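Hi everyone, thanks for making time this morning. Let me put it on the screen.

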Amino acid sequence: MERHVIVVSVDAMVYEDLEILSRLSAFRDLWPRMARVNRVRSVYPTITYPCHSTMQTGLYPDRHGILNNEAPVMCERSSLWQHMRSLVQGRTIFDCAHARGLRTASVFWPVSGNDPSIDYLVAEYWPQTPEESTHDCFIHSGSSPEVMEKVVDPNLHHVENRNRQHPWCDAFVMGCACSMVRAFRPNLLMVHPANVDAYRHETGLFTEKVTQGLYETNLWIEQLMKAADDVGILDQTDFFIVSDHGQLNIRRCVALNVKLREAGLIEVDGAGNIRDWRAFAKSGGLSALVYLKDPENPRDLARTKAVLDELCAEEVYGISRVFTREEAKREEHLSGPFSFVVETDGYTSFSNDWLRPLVKPLDNQNYRFGRASHGHLPEKGPQPTLLAFGPHIRPGAVLERANLVDEAPTFARALGFDMEDVDGRCLTELLLEEER
């Protein structure tokens, strides 16, 4: 019998949300048969693109190389995001499944643009210039003519002139996912709605708006199950409803580059534009990666560390710890071309700005500066969770804890193969004996 796996990553869903979800129509009757991991330890930094790169590779960020949503471009207040699969190092579950002749599909899975191993692709991508239309942006990021005709165009009305606004963006995403199932019956489909994440940024961790997002999630899971039933594969499909990270409520945003500039590590001209730099803090929300223009320069390395250590010691700039790159790799499997990592005090987010004011009010125009955000160390705050049900899932199995790197190997085993050279393990406790 042919196998099918559908993975729905509900961005920023946490264990505490299960109390509501378990009472809703898509989950209530299934609840006794569901397997789950109550709390999944994410990766550092707890940011969507690094997390989803881990979820598709089974690798930590020091191996897959995605360290932020934004591209690692310095001296910009905001940079383009890392949408393209070519940026991810290592093999993904899509690569492994495609090599075995399985039909692969993805809707808004991060860092999947123009992925040759995804047969039916709607990448998480949006118009990059005013001249690029919503329709054309999906062509540019890898949607085939067949996918455009059968999946994108029938659902495009949700997002035209709205782009990333929620819940319309998520209605588009889940509509595309249902169309994918009906048109192509993929063996592997991975989908990423982000409404719960957006509502937490906008209103805080546990609010009426977040509860609304959980009700929307319930509706979309029902629609996805109906699509599988309509084409006769529901009984052959294992569903995994997962999450990438939690969030923390925040109260302020600090521009660390202001202090680096005042320490002489960033130089600006009369108009306030950066003329030269020696160190720059690239925001990851509740953490920041600090890059050096010349990372081999021992004087700049020592000067930058001294500034960061002083800011941390004064306990007023939102910093609870300064990691060296070596410490970050050893403790959190995080490495790359940065020199330091700055971790939040738990209620402070960081920006890329280099001009005063040093402390800025919260601003929901950017996910990093809303009422809640993420990017913090993964053990902090509410934790992601995992639910699973289907023909290869052990009914009622419960694990208290697992790791985000364990998810891709577990999805693969449900499809009937193993992923090699990964950092995680298959969560065999969630699978029936024949899958162990």
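The largest cavity has a volume of about 60 Å³. What we have here is a predicted model, where local features need pLDDT of at least 70 and side-chain atom pairs count only at pLDDT 80 or more, while totals for chains, interfaces and linings use all residues. Residues are numbered from 1 along each chain as its sequence is written, and side-chain values use heavy atoms, with hydrogens and water left out.

A word on terms: on a 1 Å grid over the protein atoms alone, a cavity is a set of points where a 1.4 Å probe fits but cannot get out, whereas a pocket is an open set with protein on both sides within 12 Å along at least five of seven lines; lining residues have an atom within 4 Å of a point. Grid points are joined across faces, edges and corners, and volume is the space filled by probe spheres set on them.

Back to our cavity. Its lining includes Phe108, Trp126, Cys137 and Arg164. Helix α6 (residues 134–140) gives the largest share, 3 residues; helices here are DSSP runs of H or I with at least four residues, strands are E runs of at least two, and both are numbered from the N terminus. By class, the lining holds 8 nonpolar, 2 polar and 1 charged.

Now, how much volume does the largest pocket have? About 850 Å³. Of its 33 lining residues, Trp81, Arg164, His166, Gln365 and Tyr367 are the closest to the centre. Helix α9 supplies the largest share of that lining, 5 residues.

The second largest pocket has about 190 Å³ of space. There, 13 residues form the lining, and those closest to the centre are Ser351, Asp353, Lys360, Asp363 and Phe369.

On to the sheet. It is open, with 8 strands in the order β4-β3-β5-β1-β6-β18-β2-β19 and mixed pairing; two strands pair if DSSP finds at least two bridges between them. β4 (120–122) and β19 (398–403) are at the edges with a single partner strand each, so one side of each has no neighbour in the sheet.

Look at β6 (residues 237–242) and β18 (residues 386–389): they run antiparallel, joined by 4 bridges. Phenylalanine 239 has phenylalanine 389 in β18 as its bridge partner.

Finally, helix α10 (residues 208–230) lies across β1, β5, β6 and β18, at about 165° to β6. Axes are lines fitted to C-alpha atoms, for helices over the stretch in contact (heavy atoms within 4.5 Å), and angles run from 0 to 180 degrees between N-to-C directions.

Note on methods:
Nonpolar A, V, L, I, M, F, W, Y, C, P; charged D, E, K, R; others polar.
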